[in-house]
Amino acid sequence: MNRNRKTDQLLGVLVKGCAILAGTLLLLVILYLVHESLPLLRTTGAGRLLTDSAWRPTSGQFGLWPMIAGTLTVTAGALLLATPIGLLSALFCRCYAPRPLGKLLRRILELLAGLPSVVYGFWGLVVLVPLIARIRPPGASVLAGILVVAIMVLPTIALLVDAALESVPADYSRGAAALGMTRWGALRGVILPAASSGIFTAVLLATARALGETMAALMVCGNVVRTPESLLDPVRTLTANIALEMAYAMDLHRSSLFATGLLLALIVTGLVALAEVLSPEGIDA
Amino acid sequence: MRNAKQRMPETLALQSNAERRRPPRILPRIHVETRKLTLRYGPHVAFRDITLPIRQGEITAIVGPSGCGKSSFLACLNRLTDLFTDCHVTGSATLVGEELVGTEIDLTSLRRRVGMIFQKPNPFPLTIRRNLELPLREHAVSDRHEVQSRMEEVLRAVGLWDEVHARLDTPALRLSGGQQQRLCIARALVLRPEVLLLDEPCSALDPISSGVVEDLIHRLRETYTLVIVTHNLAQARRIADHVALFWVKDGAGHLAEHSRCRDFFESPKCELTAAYVRGARG
Amino acid sequence: MRESRTDRLLELACWCSAFMVLAIAGWILFDVMGHGFRRVDLNFLLGSPIDAGRQGGIAPILVSTVLILGVCMTVAVPIGVGAAVALSEYGSEGRRATRLIRASLDVLAGIPSIVFGLFGNALFCRALGMGFSIASGGLTLACMALPLVIRSTEEGLRSVPVEYRHAAAALGMSRTSTLVHLLLPAATPGLLVGLVLGIGRALAETAALLFTSGYVSRWPTSIFDSGRTLSVHIYDLSMNVPGGDGNSHASALVLVALLIGINLTASLMANVWLRRRIRT
């Protein structure tokens with residue numbers, strides 16, 4: 001019996017150790033990012049890093065602004081496209097589709113959500129970019145980035161909204177129907193408000209995903225360091241910048257890339273924290 | 001531990017092996033006793049100041065309306081309360097003089113001595129055999145013959161042997177509700193406990209299974225000390241030796257009356273009991 | 001009647017969106033499949049890449065991929081299961097710590113993969129001196145897969161009715177044997193689904209591997225060799241190798257086929273599990 005108690009204690013220590021390890025991983029990631037980006041933050045300062053528009057790592061100028069602008073444009077554009085379509089497809093699954101069709105669509109969305117970003121990027125590169133190049137070469141542009149990233153985050157939004165709609169008790173919609181409300185009336189008055197926090201969470205998580213998307217942006221955006229002026233201009237995102245230059249970056253240059261990573265990590269942390277606060281029982285993405 | 005073993009009743013009710021000698025009564029008359037036992041879930045008091053002696057070899061029935069802390073009271077007696085979140089117990093509960101509340105006792109041996117049956121039959125999702133083997137292995141009974149003979153003994157005691165001995169290796173969850181509950185009782189008996197706590201053991205069963213289980217419980221007295229929580233007054237009247245009525249006062253349960261079964265139903269001491277028995281309250 | 005016109009309009013919009021999603025999915029899948037189909041054969045699967053991958057096959061890349069996934073899962077599964085057990089079974093002992101760990105895992109799940117790449121490069125490749133290697137890549141992926149493994153294991157443990165825990169405790173069973181004999185067997189299906197999904201996620205990953213496991217397309221001789229996964233191969237062929245599109249298509253087809261296979265396995269397993277839970 002004593003042996004049992006010892007095993008129990010050992011097990012407790014072991015699993016708690018695992019939990020602590022898992023829990024401190026985030027801290028470790030952020031600490032490493034801070035540690036590696038400190039040299040740059042000391043010499044250049046966070047303010048100049050964020051607002052300066054000159055990115056000439058060889059001559060010691062580290063301004064992230066063109067890349068920040070690129071990332072923001074692509075993210076905003078992608079969300080503007082993906083949110084309504086994702087929302088409507090989720091509504092379609094839940095309210096309008098004949099059952100087999102709704103099921104099929106959900107399957108397809110799950111499949112799309114699981115496709116690797118490199119496949120999306122590749123598809124954008126060989127299909128979308130040549131199409132856009134017909135309007136104005138070279139084709140690799142903000143627009144291409146927006147379209148590909150929108151397609152990538154669409155399933156995230158649709159599936160999360162679908163889950164949020166599912167969690168609205170069926171009584172609500174039945175009750176609304178019993179009151180003689182039209183479907184739109186029931187949606188606007190009862191169902192969407194009940195699911196609103198879930199919908200908002202979906203958009204926040206999709207934002208996090210779009211901001212952090214690397215491969216698709218890297219492959220279709222053109223990667224020119226310039227603040228974009230039109231949708232057909234090539235652009236480089238923060239993530240693409242890391243991916244492109246990490247292979248040969250040294251010293252302060254390397255440090256600046258870690259600072260970029262830190263910036264992304266902090267933004268995502270903020271978004272997830274916001275989503276956590278807004279959704280009543282945590283996130284189930 | 002050693003003492004506990006000596007005190008343990010060595011025989012089971014209705015065992016086939018009739019020559020087994022019943023050991024002399026060395027247990028004190030009062031087997032389990034609570035004094036001013038109070039249980040809180042966070043700030044909410046479930047029951048307060050319950051002082052209840054439970055006599056050895058008898059059936060004590062606890063009756064009362066829902067939410068007066070009857071099940072929580074049972075859980076104090078085998079420290080299952082340790083599993084409940086935010087649960088605080090104060091006062092005293094003793095098992096033959098050994099304090100259970102707030103002490104560093106060996107839970108494994110306590111729970112071996114005090115078995116428990118739940119409202120919903122809860123056999124493990126394993127075979128019938130594994131259901132009985134698992135607790136035995138846990139308590140270091142691993143001799144094959146010993147395991148086999150104890151298994152047969154308890155299955156006979158609960159009247160399941162004839163029904164299941166040919167299919168011991170089928171999943172326990174395929175049994176009917178009443179059979180499952182009897183298997184759960186067998187699983188508790190296989191550890192040879194002194195006290196058996198039963199938390200509305202018949203309420204989730206159909207009337208016929210309920211009758212079978214009730215008869216079984218009735219046969220188990222003398223060998224075991226039984227504490228049964230029940231909503232069914234007629235059942236309490238049929239099987240109990242002592243009856244305790246819990247009632248809600250100021251949002252918390254308390255003990256309204258505790259007396260011999262006959263007195264409880266025929267000449268209750270307090271008004272509440274009389275009304276409850278007549279069906280006017282509760 | 002204005003309401004009913006909005007109603008009609010909304011329905012139309014929903015159908016259009018759904019149609020769009022289906023059309024795009026079809027477009028992407030058929031494009032990848034159609035172009036890749038003619039090139040995938042046994043020689044492609046079993047051959048080594050020739051001429052920077054323009055010709056030849058992907059065998060060493062498949063081997064590297066499997067090795068990286070192997071490292072990832074060997075590390076992520078035990079730690080993940082342990083952490084899930086602690087969170088769901090011992091969670092009440094330190095509620096604030098549990099909440100904090102859960103929240104940090106939620107954030108971790110949202111961190112962009114490229115950031116994990118940076119972290120892996122700094123910690124595994126440099127600080128721990130593993131260099132660009134299969135081990136570094138696998139460990140980086142393990143960090144990414146951890147939240148997923150923990151969440152699905154927890155889900156599995158949560159599906160075990162509390163009655164079993166009470167019954168086990170009332171029989172004086174120790175925590176260890178309750179866990180080993182009752183909880184883990186009951187949670188295994190959930191764990192397996194999580195495992196399969198984690199493999200899928202890791203297989204799809206590219207950005208985190210670019211500068212942790214490296215680009216080398218040779219046969220790996222040990223896990224401390226550099227090796228590229230299938231997704232890195234696709235990226236490299238399409239971006240850095242002019243004329244690599246053909247084999248890139250074929251590799252994409254293999255990758256998508258693997259992922260669809262994994263996806264189907266997971267949902268099949270989840271279905272079987274669900275049906276069994278209903279039956280019992």
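Predicted model: local features only at pLDDT ≥ 70, side-chain atom pairs only at ≥ 80, totals over all residues.
Residues are numbered from 1 along each chain as its sequence is written, while chains are lettered from A and ligands numbered from 1 in the order in which they are written. Local features need pLDDT of at least 70, side-chain atom pairs count only at pLDDT 80 or more, totals for chains, interfaces and linings use all residues, and side-chain values use heavy atoms, leaving out hydrogens and water.

**View 1. Helices α5 and α6 of chain A pack against each other.** Helices here are DSSP runs of H or I with at least four residues, and strands are runs of E with at least two, numbered from the N terminus. Helix α5(A) spans residues 117-135 and helix α6(A) residues 142-166; their axes lie 10 Å apart at an angle of about 140 degrees. Axes are lines fitted to C-alpha atoms over the stretch in contact, and angles run from 0 to 180 degrees between N-to-C directions. That angle makes α5(A) oblique to α6(A).

**View 2. Residues where α5(A) meets α6(A).** Contact means heavy atoms within 4.5 Å. Among the residues of α5(A) are A:Tyr120, A:Trp123 and A:Leu128, and α6(A) contributes residues including A:Leu147 and A:Ile151.

**View 3. Strand β1 of chain B pairs with β2(B) and with β4(B).** Two strands pair if DSSP finds at least two bridges between them. Strand β1(B), residues 30-41, runs antiparallel to β2(B), residues 44-55, over 8 bridges; β1(B) also pairs with β4(B), residues 87-95, in the antiparallel sense over 8 bridges. Look for B:Thr34: its bridge partner is B:Leu52 in β2(B) and B:Ala93 in β4(B).

Terms used
Parallel < 35°, antiparallel > 145°, perpendicular 65-115°, else oblique.
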